[in-house]
Amino acid sequence: MALTLGFLLLLGLCWNTFSEGPLSTTRGSDVPEFELPATNYETKDSYKPGSIDVLFQIVHTFLHVVQPNAFPEDILRKIIQQKKFDLSTDYEKPENVVLTLKVIRYEIGIIICAVLGLLFVILMPLVGFCFGLCRCCNKCGGEMHQRQKKNGTFLRKCFAVSLLVICIFISIGIICGFVANHHLRIQVEQTRKLADSNFRDLRTLLNETPSQISYVLDQYTTTKEKAFSDLDNIKSLLGSGIHEQLRPKVIPVLDDIKTMAEAIKETKEALLTVNNTLENLKQSTTQLNSSLGDIKMNLEQSLNDPQCSVPSVTAACNDIRMTLNQLDDNTNMHQLPSLHNQLDNVNDVLQTDLSSLVQKGNKSFNDIPEMVQNQTTDMVSDIKSTLNSIGSDIKNINEQISIQDNLSIFMDPINSIETYIYQKLPTLEEYDSYRWLASLVICGLLTLIVIFYYLGLLCGVFGYDRHATPTRRGCISNTGGIFLMAGVGVSFLFCWILMTIVVLTFVVGGNVEKLVCEPYQNKKLFQILDTPYLLNENWKYYLSGMVFNKPDINLTFEQVYSDCKENKGIYATLKLENRYNISEHFNTQEHTRNINNSFENLNIKIDNIVLLDAAGRKNLRDFSASGVDQIDYDAYLAEIAKPPTKVNLLSFADELERKASQLPPGSLKQSLTSNAQTIRTVYHDQVMPLRQLMGSLYRSIQNLQHKSNGLGVKVVNIISSLDSAQDFITNRISSVIVQESKKYGNMILGYFERYLQWVKISISEQIAACKPVATALDSAVDVFLCSYIIEPMNLFWFGIGKATIFLLPALIFAVKLAKYYRRMDSEDVYDDVETVPMKNMQKGHIGFHRHQTTQAL
């Protein structure tokens with residue numbers, strides 16, 4: 001029933017699912033992510049029997065030993081092909097004889113076991129009947145007399161131990177029977193729950209499929225909104241893309257020009273500083289020369305003092321007179337030309353505001369995104385209209401397919417099958433209760449037999465007195481023997497009935513396990529059904545012939561089952577592209593082509609961008625020709641680096657004061673001391689400031705030299721880069737526009753390609769995922785039939801059969817052992833304590849004679 005339901009469901013869905021062809025690769029960023037809401041099903045994927053699985057595996061091993069042959073695929077194919085075979089008329093045909101022999105060869109293990117079981121069923125009642133008659137005639141151990149043997153004790157113990165071991169094996173079989181019976185009852189009670197979950201899953205599949213398809217189609221709105229957002233942001237996406245492509249060529253040039261404009265201003269400041277400092281320096285050196293000249297004149301007048309005629313003073317005066325030529329200026333600042341011409345040239349250059357010209361060019365370059373937006377307004381409107389028309393087509397698909405109407409047809413069969421199953425479930429449960437009760441009776445009979453044996457062993461072992469003679473054995477020992485014989489009697493009465501049940505369940509359960517359960521699990525059963533021209537001699541593939549009426553399509557039961565187990569969509573599983581192609585209803589190629597052509601034919605004109613006009617170029621050239629880089633900086637630096645005076649005035653003053661101190665008091669000494677102080681004053685007031693001024697001028701000239709170094713080359717390079725960037729913008733910007741427009745168009749189209757790719761994946765792998773169908777089939781065959789019914793049934797016959805077979809040696813040992821436990825009517829008596837036998841001429845026996853129980857020992 002579940003298989004029929006699954007097939008109807010698959011057949012119905014083939015009318016309601018659609019496909020899509022291959023999609024191109026998605027390109028772009030911030031692509032919308034789609035995810036189909038997950039559908040949860042109740043029925044578990046697999047069934048685990050629990051700890052009892054160990055016993056099931058033992059039964060499987062036994063069946064493999066009995067039936068080691070591989071699955072008879074060829075035999076089953078021939079049987080199905082000869083489905084019109086009539087045994088009464090066609091059995092003599094050679095091919096049918098060969099087929100019958102192959103079947104017998106395959107079933108030989110089961111047949112042998114069944115024949116042995118039937119022999120057991122036939123012979124055991126006959127043997128029991130004969131055994132009973134024999135004992136009634138005081139034969140076969142029926143005579144209540146026990147002969148004394150030397151190894152009697154050993155035999156008794158061997159018989160007892162053997163019977164105990166056999167009873168343990170019988171008990172294990174009985175336990176297996178009880179466990180199997182209980183497990184089968186529990187699983188039958190779980191059948192209703194299993195059916196409920198499977199039917200709910202199938203309804204979920206039917207109910208969720210239309211909503212899943214509607215959800216997939218509705219996601220087009222998300223894609224369209226993302227595309228609209230990017231179209232509205234064409235200024236920042238396409239315009240900025242073009243702007244970013246031009247940026248590496250334009251921005252460095254504009255930055256260099258802007259840097260040059262700042263350099264012009266800094267050069268002017270540096271020139272002005274150098275020129276002013278140089279003028280101040282010239283004035284300071286002139287003032288210093290005047291001061292040193294006055295000091296020198298005063299010293300010459302002092303040295304004309306008559307005191308210098310004194311021989312002791314003459315030498316000192318002559319030394320001082322010889323050092324007067326050191327009181328001179330050491331520099332010649334007036335030979336350094338002024339920088340008025342260069343300063344005037346730079347001032348003329350600054351008459352043109354180069355920075356504003358650079359900002360103007362930068363602004364025109366940054367206006368590219370705005371220009372793109374203004375020139376693409378009509379194109380954006382056309383593309384939006386195209387996308388809206390695609391959305392209208394998609395919305396009509398669900399109405400054209402009428403998924404809900406088609407799927408609703410299969411709700412009635414599901415309801416009918418569910419009603420039928422629920423009507424039969426009470427009957428199944430009722431019959432199962434009878435089976436359960438009968439199994440309890442069977443296990444109870446075996447339990448009764450083994451209890452007799454256990455009680456017999458218990459009473460016999462613990463009640464046995466080795467000092468008691470057979471005729472004087474105790475009541476407990478005698479009761480043990482009676483229990484053993486009771487077990488033997490019950491065994492003969494019922495063991496053939498038990499074996500009949502074992503044979504029947506073994507033949508049925510073993511064949512179902514080997515011919516249905518195992519090939520279903522390894523999918524060989526599906527391979528049989530997929531044999532070309534087997535189920536229909538005119539169809540190569542039966543399933544495709546049923547679904548599409550096209551038997552040449554490679555659609556197999558095994559492939560469909562495997563795909564459903566992997567939870568693939570019904571569309572990919574049944575290859576429904578051969579029945580229903582969505583491209584007929586969802587043809588967006590024309591719309592996509594129109595959108596693509598709109599982007600390819602996009603005509604954006606960017607031809608009025610001027611990075612720097614002629615005035616700016618002339619300004620750069622004028623600065624290059626200003627002569628700043630032609631200044632003889634080395635001459636300036638060399639002159640300024642000289643000390644202001646030829647001698648250190650402080651040292652000169654100290655030496656003059658030292659020599660004056662050696663002179664006798666008088667006007668000469670006073671005059672020399674006064675001039676030394678004047679020299680110190682000149683040093684502090686004029687030389688030190690002059691030295692600081694010269695240091696500042698030195699650094700200013702170095703700064704100016706650094707700024708003007710390679711000025712002409714820099715300007716030439718800037719103008720060359722400017723010409724290159726301007727030429728690229730003017731002549732080659734169209735290639736950039738085409739490239740960025742194509743990239744932008746691919747990004748917009750990429751959203752829809754991504755959406756279509758997701759639709760394809762959803763349809764083939766997620767929408768109408770047919771796992772509930774495979775699960776329903778598994779529940780009907782693998783779980784209900786094999787796991788719920790066959791495996792417990794096989795365990796039952798395995799346990800009961802083992803217990804029944806061990807009843808045969810058990811009753812033999814029980815009969816033998818009962819002789820040692822029961823109280824005898826007569827016994828063997830020896831004539832001497834040495835147990836030496838005496839002749840009995842009357843009986844003809846040696847060493848003993850019959851003695852009645854009433855005779856004294």
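Reader: Which residues line the second largest cavity?
Author: Its lining is made up of Leu529, Asp530, Thr531, Pro532, Tyr533, Leu534, Leu535, Asn536, Trp539, Lys540, Tyr541 and Tyr542. A cavity here is a set of points, on a 1 Å grid over the protein atoms alone, where a 1.4 Å probe fits but cannot get out, and lining residues have an atom within 4 Å of a point.

Reader: Before we go on, what kind of model is this?
Author: It's a predicted model, where local features need pLDDT of at least 70 and side-chain atom pairs count only at pLDDT 80 or more, while totals for chains, interfaces and linings use all residues. Numbering runs from 1 along each chain as its sequence is written, and side-chain values use heavy atoms, with hydrogens and water left out.

Reader: OK, back to that cavity. What's its volume?
Author: About 40 Å³ for the second largest cavity; the whole structure has two cavities of 30 Å³ or more. Volume means the space filled by probe spheres set on the grid points, which are joined across faces, edges and corners.

Reader: And how does the lining divide by class?
Author: Eight nonpolar, two polar and two charged residues. Ala, Val, Leu, Ile, Met, Phe, Trp, Tyr, Cys and Pro count as nonpolar, Asp, Glu, Lys and Arg as charged, and the others, Gly among them, as polar.

Reader: Where does Ile528 sit?
Author: Isoleucine 528 is in helix H17, residues 524–529. Helices are DSSP runs of H or I with at least four residues, numbered from the N terminus.

Reader: Buried or exposed?
Author: Isoleucine 528 is buried, at 3% relative accessibility. Buried is under 20% relative accessible area, exposed is over 50%, and partly exposed is in between (1.4 Å probe, protein chains only). Glutamate 558 is 30 residues away from isoleucine 528 in sequence, with 9.4 Å between the C-alphas.

Reader: Now charges. How many salt bridges are there?
Author: The structure holds 14, each being a side-chain nitrogen of Lys or Arg within 4 Å of a carboxyl oxygen of Asp or Glu. One of them joins arginine 200 and glutamate 42 at 2.7 Å, N to O. Arginine 200 is in helix H7 and glutamate 42 in the loop between helix H1 (2–13) and H2, so this pair ties together parts 158 residues apart in sequence.

Reader: What does Glu418 bridge to?
Author: To arginine 203, with the closest N and O atoms 2.2 Å apart. Glutamate 418 belongs to helix H15 (residues 411–463) and arginine 203 to H7, so parts 215 residues apart in sequence are tied together. Glutamate 418 counts as buried, at 14%.

Reader: And which residue pairs with Arg185 in a salt bridge?
Author: Glutamate 189, at 3.8 Å between the closest N and O atoms. Both lie in H7, four residues apart, about one turn of the helix. Arginine 185 also lies over the face of tryptophan 436, 4.5 Å from the ring centre. That label requires NZ of Lys or CZ of Arg within 6 Å of the ring centre and within 35 degrees of the ring normal.

Reader: Last one: how many aromatic pairs?
Author: There are 18 in the whole structure. Tyrosine 755 and tryptophan 758 form a tilted one, 6.3 Å centre to centre with 40° between the planes. Rings of Phe, Tyr and Trp (its six-membered ring) pair if their centres lie within 6.5 Å; planes under 30 degrees apart are stacked, over 60 edge-to-face, and the rest tilted. Tyrosine 755 and tryptophan 758 are both buried. Elsewhere, ring pairs link Phe62, Phe506, Trp797 and Phe798 into a cluster.

Definitions and conventions:
Helices (H or I, at least four residues) and strands (E, at least two) are DSSP runs, numbered from the N terminus. On a 1 Å grid over the protein atoms alone, a cavity is a set of points where a 1.4 Å probe fits but cannot get out, and a pocket is an open set with protein on both sides within 12 Å along at least five of seven lines; lining residues have an atom within 4 Å of a point.
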